[in-house]
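Subject: Structure for your files

Dear colleague,

Here is the structure I said I would send. My notes on the charged side chains follow below it.

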Amino acid sequence: DQEGSRLQGTPLLTATHPLVHAALGVPAHRQSRYSSVHIPEDQAPAPPGTYLVHLCVATWDGVRPLNEIWSTTVEAHTAKSAPDLGGSVLAAIAAGELREGRPPSADLRQALDVAIEERDRRFYRRSHDLGRENDAFAAARRAGAQQAHERRIATHRKRIETLQLRGRSQAVIRMQEAQIRHQNERHIRLIRDLERQAQASLQTKDLAVCVVEVC
């Protein structure tokens, strides 16, 4: 409010304010959403009450890439972990049955802090588990790629020996030698890709924060 800003000396968020420019510059896929929604008691795994649900997307770029939606649920008034309502929220969205809830009466800052801490703990656990799995996958693929490469090279060399014994032209033999060079180059690219995938990382992006009223 312009008059309130003038009388109280608080910043006025106009169209030219740096904060407004910064908000407009955030890509849509990086914007977090906030909502207050209602879920019937018979559709929720938690007892009646008010909860904060934090949703984020986790992306892993390893040998076996994956995308997951994580959710953390915290009781709004006590800021204690609660049965997860994320699945219920997503199911209601998919079915078109999500209903608008009342604005929360509790201070949600502590509950949000707890939700973020739980997300961070999950991040480190999941990153550790995925890292171990990725190392095993990468090692298995490297071994398989090496064995397949050696079989192909041996096949081409055997063909060259056969062609030489039969007195075939050098042009035909050079074609097989070119196949060997092509196979070596292909194998080098594959190993480089596997080495890159072995250096995988887990990333999370906040998706939404919801106050869910179960009643």
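Arg6 counts as exposed, since its relative accessibility is 59%. Please keep in mind throughout that this is a predicted model. The side chain of Arg6 meets that of Glu3 in a salt bridge, with 2.4 Å from N to O. Glu3 has a relative accessibility of 41% and so counts as partly exposed. Both residues sit in helix α1 (residues 2–8), and because they are 3 residues apart there, about one helical turn separates them.

The count of salt bridges comes to 8. As a reminder, side chains of opposite charge can pair when their charged atoms come close.

- Arg132 and Asp129 form a salt bridge whose closest N and O atoms are 3.8 Å apart. The two are 3 residues apart in helix α4, so they too are separated by about one helical turn. Arg132 is exposed, at a relative accessible area of 55%, while Asp129 is partly exposed at 31%. Salt bridges with shared partners also join Glu118, Arg121 and Arg125 into one network.
- Arg119 pairs with Asp120 in a salt bridge, and here the closest N and O atoms are 3.0 Å apart. Arg119 has a relative accessibility of 14%; buried means under 20%, so Arg119 counts as buried. Asp120, at 30%, counts as partly exposed.

Next, the surface. Arg151, Arg152, Arg186 and Arg189 form a positive surface patch. Which helices supply the residues of the positive patch? They are α4 (109–165) and α5 (170–198), and each supplies at least two. Arg151 is found in helix α4. The relative accessibility of Arg151 is 53%, and exposed means over 50%, so Arg151 counts as exposed.

Last, the helix α4 itself. α4 has 57 residues, which at 1.5 Å a residue should span 84 Å. Just after α4, Gly167 takes a positive phi of about 70°.

Best regards

Conventions. Residues are numbered from 1 along each chain as its sequence is written. This is a predicted model: local features need pLDDT of at least 70, side-chain atom pairs count only at pLDDT 80 or more; totals for chains, interfaces and linings use all residues. Side-chain values use heavy atoms; hydrogens and water are left out. Patches are made of residues with over 30% relative accessible area and no salt bridge: like charges are joined within 9 Å, nonpolar side chains (Val, Leu, Ile, Met, Phe, Trp, Tyr) within 5 Å. Accessible areas come from the Shrake-Rupley method with a 1.4 Å probe; for residues, only the protein chains shown count as cover. A salt bridge is a side-chain nitrogen of Lys or Arg within 4 Å of a carboxyl oxygen of Asp or Glu. Lys and Arg count as positive and Asp and Glu as negative; His and the chain ends are not counted. The place of a charge is taken as NZ of Lys, CZ of Arg, CG of Asp or CD of Glu. Helices (H or I, at least four residues) and strands (E, at least two) are DSSP runs, numbered from the N terminus. Buried means under 20% relative accessible area, exposed over 50%, partly exposed in between (1.4 Å probe, protein chains only). The expected span of a helix is 1.5 Å times one less than its number of residues.
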